[in-house]
Amino acid sequence: ITGSYQAYYMIITAANQVICNFEENADTPVKKRCVAEARVLRAYIHLILASGWYNPPIADHLIDADERPANAKDQNEILDFIIKDCDAALPDLTEKAALGDKDGAVKVTKGFANAIKGKAMLFKGDYAGAKAALKAVIDSKEYDLVPSDKMSTLYHYSGRGNDVAVFEVKLGYGGT
């Protein structure tokens, strides 16, 4: 458990390095997209931490070695942070190319940001906000349910990047 907790904050630190070092000088679409992707990954990891540790520290900057961040005052504070990060990122993110875009499933996209935002709003009890964020994912037409005859491929190599995948980590897949 300790190793997981530390690994999550290492991911947040990497995201913060991108955000803190490039946000002010994000003068091209690529730089803006990279900062936006880092924001969504930071929000995603904070959501995982909020799910497992309820109100962990919010790491929204590069933390000095002698700094000891305090836990968030409550879970709503961390959920608000997640929602705010996703909102800030959405304008600069790209979308999946289309339904069936396997490469789009391993990228931080508007669909992934809206899914994280919707889940945070759901945990917060903002059902109208969650509905709107998750409806944006559905309305994009970039995702679909897996047909029943393909259910056995979920979580297997043959099901990688399927139409239900909003975000996957691509390890050991080889080519496309």
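The largest nonpolar core of this predicted model has 27 residues, and V40, I78, I82, L93 and I116 have the most contacts inside it. A nonpolar core is a set of buried Ala, Val, Leu, Ile, Met, Phe, Trp, Tyr and Cys residues joined through side-chain atoms within 4.5 Å. Helices α2, α3 (75–89), α4 and α5 (127–139) each supply at least two residues of this core; the largest share, 7 residues, comes from α3. Helices are DSSP runs (H or I, at least four residues), numbered from the N terminus. A second, separate core of 5 residues includes Y9, I45, L49 and A59.

The model is predicted: local features need pLDDT of at least 70, side-chain atom pairs count only at pLDDT 80 or more, and totals for chains, interfaces and linings use all residues. Residues are numbered from 1 along each chain as its sequence is written, and side-chain values use heavy atoms, with hydrogens and water left out.

H46 is found in helix α2 (residues 29–53). H46 counts as buried because its relative accessibility is 0%, buried being under 20% relative accessible area, exposed over 50% and partly exposed in between (1.4 Å probe, protein chains only). The H46 side chain reaches the backbone oxygen of R42 at 2.9 Å.

| Residue | In contact with |
|---|---|
| H46 | I12, P57, I58, A59, I78, F81, I82 |
| I78 | H46, A50, Y54, P56, I58, A72 |

F123 lies in helix α4 (residues 110–124) and is partly exposed, with a relative accessible area of 39%.

Technical notes:
A polar contact is a pair of N or O atoms within 3.5 Å; within protein, one must be able to donate a hydrogen and the other to accept it, and residues adjacent in sequence count only if both atoms are side-chain atoms. Contact means heavy atoms within 4.5 Å. Lists of a residue's contacts leave out its neighbours within four places in sequence.
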